[in-house]
Structures are given as C-alpha cells and as structure tokens.
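Hello,

Here is the structure I promised to pass on. Please open it and keep it in view while you read my notes below.

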Amino acid sequence: MNKKKLAIGVENYKEIIDKSYYYVDKTLLIKELLEKGSKVNLFIRPRRFGKTLTLSMLKAFFERELNEAGEEIDNRHYFHDMKIMSGGADIVSYMGRYPVISFSLKSARQPDFEMAYQVLTEQIAGEFRRHSYVLKIDLFTEDEIKKYQRLMAQKASAPEYATALKFLTDCLKKFHNQRVIILLDEYDVPLENAYFKGFYDEMTDYIRSLFESALKTNDSLEFAVITGCLRISRESIFTGLNNLKIISVLDQSYAEYFGFTSWEVKEMLLSYGLQDREQEVRKWYDGYLFGETSVYNPWSVLNYIDDALENRNIFPRPYWSNTSSNSIIKELVVNADMTARREIEDLIAGKYIEKPIHEEVTYGDIHRSQDYLWNFLFFTGYLRKRGERQEQRMIYLQMEIPNQEVLYIYENTIQEWFNEKIKAEDFTPLYQAITQGDSDVTEKILKTQLMSSISYFDNAESFYHGFMIGILMGLQNYEVLSNRESGMGRSDILLKPYDNLLPAVIIELKNTDKFTMMEEQCSRALKQIEEKHYEEELLAEGYRVIRRCGICFCKKNCMVKME
C-alpha cells in the first residue's frame, strides 16, 4: 500500500515534492501552454479544482528564482521524475528561464473596500519585497528606487498601486534582461465578495486598473496565467485585451489538467488499497465535464481516501460543500419564482433543464435574469453539461446535477431555506386547527405551504416527514416527537402537550403518486393508528383528549382526515 501522505489543503507544489506527498502529475500542462503560445490565459474552473497548485507548479518550473542576496536557487530537482521531462529538450529548456510575479487575490475576501484594498496592496508589496534583489545593482534612477521602496513598504499612493504590476515587470525585465511571467490566482474572488458585501463598483474599478496596465500592451510581459471560477469580461476588467485566451469548462483544451481523470482516480485508489471503492467514488465525486473530458472533484476524492484509510467502513461525505457558503445556490433558492422552483425540483429528481449559455456574465447580473443565475451555477460546478444545441446564434445547454455530492448541497440548502422560512411565518392558525381537529383548515394551510416550497421526492416519505416536523417545531406548550416507540409500533409524529388537559395528537403520514388514492391512504393512516394502539402511552399518562390525524401527500397536494 502507498505510504505517501495525501496533500489535503497543501497548495504549494514545492512543499508537496519536498514532503513526499502523493502528487497527481499535471506538469504536461506546461508543454501545452508553451505550444499554444497565448499571451494571456484565463482558466475558468470551479473552486477546489487545483488552480492554486497549478500556478504554484508553473512558478516552480518557469521562475529564475533568486534569494534576497541575488543568488540563484536551483529548482530543477522538483521536476526530476515528472512527465514534463519527456516533453522534449526544447520544452525543458524553458525551465528556470523567467522572472515571475505571482500572487493570489483570494485574501481580498474582506467586509469592506478599505480592508480588501489593504490586503491586495499587502500582496503586491510582498512581491516587491521578494524581488528586492533588483535594487542591489545600479540599474535604476533615484525616482524609480524611491517608488519601488514606497510600493515595497506599502506607502505608495493609490495611482501607484494601480500600475504597480506594470512597474514591477519593467524592473524585473531590466534586471534579468528577460520578459516576465505573471501568475494571478482567484482573480474573481474580490469581485464576488464585493458584490455580496455591497462595494462591487469600487472593487471592479480597482481590479480593472491593476490588470489593464500589466496585461495590455506591456512590452515587459512574456505571458500571463490567470485563474478564477467565472469569466467576467463584460464589466471591462480586461478592456481591449485582444490577446486574452479564455479556457472555460466548455473548452476541450487543457481539460485534463484541473481535477482528476477517471484513470488518475483508479490509479490512486489502487495505490492505497481502496480499489473496491471505485463505483462509490464515481457516484459521489465524478460527473464534471470539461470540454468532453469527464473529471472528478480532486478535493473530495483526496478527503474521501484520507478518511477511508482511517475507517474502512466510512460512507462518502459532501466534502466540497464544507469549503464555501454556497451563496450562489442560496441566491437561486431564495429568489426562485414558480418556474425556477419546478426546475430545481426537476434537477433534484435527476432530470435536466435547458438554458441559453451566457459566458460573459457578471455578479451584477444575478438578479437581472434567472438565466444568468443558472449560468453561474454551471460555470462554478453546481451543474454540468448533458448536451447542447444551437438555435440561430444562441447556444442552449442541457444542464444537470453532476453527482451525489452536489445533489446533497442542493437538498441541504433547500432545507436550510425552508427552516428559515418557517421561522419567519406565523403558524398559529395551523396549530389551532390541528389541536382542535379542524381537518379542512389544516389541509388548506398545508397545501399553501407545499405550493410555495421546493420539494425533492427522491425519498418522498423522508421529505414529507421533514416538511411536517419543520412546520410543527414552533408549536408552543407541546413536545413534538418523531417516530416515537408506542404501542405496537411507531407513530410518525406525536404532539404531546405539557398540560394533560390539552388535546394530544397522533399523526400518521402516507404518500402516493395518484391523486385518486389520497382518500384511501388517509383512511389507512387512521386505521393504522387504531390497530397498532399508538394511543396507549398517552392514555397511560392520563391524557383525556387524543386526536388521530391521517395525512396523505401527493406531490404538492395533500388530504387531511381527523378523528
């Protein structure tokens, strides 16, 4: 069995190699990047699909790295046994050739613009300090040296920071006599955060200024690689950047370099003696489609294997759902109209929806059209392409939920939304109707709630049971008991008052897929309460009034009978 540790949360390529972590070799991306030769490459992939690690690997390969004393650091051993070494002498010759600027924008997830700006300037200042060796040689004017020092010490003006990347590329090119590679990770995180925090326009203006000078008509730039979850060009962050190559999940190029392929997962499971889990892993974590290549979620696969090595009997878990607030799905659920609710229900039922594709959406577009939000979900990994068609100039994608893990996220988000919705409503009329034995009012209120909810019927009995428990939890002066042992079996729900003079209620639930069967199922529920003596415990405790309630659900309809 493989003794190598799994790199859970380790995103630094050199650390993975230094500490002998298990590494899925993606180094041939370097060869494809060089052969295609695009000036500015924007990779759009879902979160936790290896974007940060990929940029770290590119930095280790391309960078002519110098320490503060200006001494060269040899990084060749990091690629000794990697696939890129078979890419040919010409490709290998690019190793250690270029100065590299590399930083992440993900730390700009801050509560206001001032703090986000401060964090971004810290990142920029860090790169100036990392390359401060350039000041040890007399290459720059006094003004250039002072400007460099201001940027390095975080004492520069806002306009100076807006063009800081361009200035640093010029300094590095002058020192190395070689053009510069720029690597920018999670470029859209500041924009997403700013949208939800309310300072979107300010952040958009700043990111545009930062990128424009560095990436547009910059003679000191060799090429750039940028990563993010969404393509955001309509807000002109990349204004006039004619040399921008966008590689989204719809493109076949570079498809196998982010996430794990089925062969890589098979090899990893075999390596750790978990080959018997292949079907389970596929069901839960496969299903993403980049171009025409099927890809597994790497974060979830690594975490599952790590847990399975500790406990062979472990069940799959939704690891990906714990890495984010899933705010985009919440936006969809909270603001869904009747059409969107039906579409969500179809998706959860294993069906697909068809939507026009809009690759150049913005966070500001979320509420302009439901179609934009579906596109957000697609490009961020919450939906996958099943098929496509073209009608006139518009491309329509058939979208579906990729796997069990993402299905869990939808269901969990819906349940959280439903619980919040219940807390905000006054169900006093319903509680009075149930305890007083008014089946007509009970039925009317439950139907209204069913129509306004988002249902998922993969396990109908479980859904309806949860639906009722959620609504009844606000009942005052009563203990709400679920599936409690009583008599010869378990009643589905028992409403047990703290005062024995108040009516106790035994509720039995049924469901059917035929409206014509609802009345019969209600009668069966009442008969079951009687035949299995669910009331025995209540009688023994001294309750004087006991109501029997049979409820049958059929899709978004219900029927209530009481005795």
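At what angle do helix H12 and helix H13 pack, and how far apart are their axes? Keep in mind that this is a predicted model. The angle between H12 (residues 278-285) and H13 (residues 298-310) is about 145°. Their axes are 10 Å apart. The crossing of H12 with H13 is right-handed. On the H12 side, the contact is made by Glu-280, Val-281 and Tyr-285. H13 brings Ser-300, Val-301 and Tyr-304. By class, the residues of this contact are four nonpolar, one polar and one charged.

Two numbers came up there, and they come up again below. Two packed helices are described by the angle between their axes and the distance between the axes.

Helix H18 covers residues 428-436, and helix H19 covers residues 439-452. Their axes cross at roughly 145° and come within 8 Å. This crossing is left-handed. From H18, the residues are Pro-429, Leu-430, Ala-433 and Ile-434. They meet Val-441, Thr-442, Ile-445 and Leu-446 of H19.

Which strands form it, and in what order? There are three, in the order S10-S12-S11. The sheet is open, and the pairing is antiparallel. S10 (353-356) and S11 (384-391) stand at the edges. Each has a single partner strand, so one side of each is left without a neighbour in the sheet. From one strand to the next, the twist averages 30°.

Look at S11 and S12 (residues 394-400) in detail. They pair over seven bridges, in the antiparallel sense. To find your place, note that Gly-387 stands opposite Gln-398 in S12. Then look for helix H16 (residues 370-379), which lies across S10, S11 and S12. H16 runs at about 105° to S10.

Helix H3 (51-62), strand S4 (100-104) and strand S5 (180-185) each supply at least two. By class, the lining has five nonpolar, six polar and seven charged residues.

Best wishes

How values were computed:
Residues numbered from 1 in each chain as written. Predicted model: local features only at pLDDT ≥ 70, side-chain atom pairs only at ≥ 80, totals over all residues. Heavy atoms only, no water. Pairing = 2+ DSSP bridges. Helix = DSSP H or I, 4+ residues; strand = E, 2+ residues; numbered from the N terminus. Axes fitted to C-alpha atoms, helices over the stretch in contact; angles between N-to-C directions. Contact = heavy atoms within 4.5 Å. Nonpolar A, V, L, I, M, F, W, Y, C, P; charged D, E, K, R; others polar. Left-handed = near helix turned anticlockwise from the far one by under 90°.
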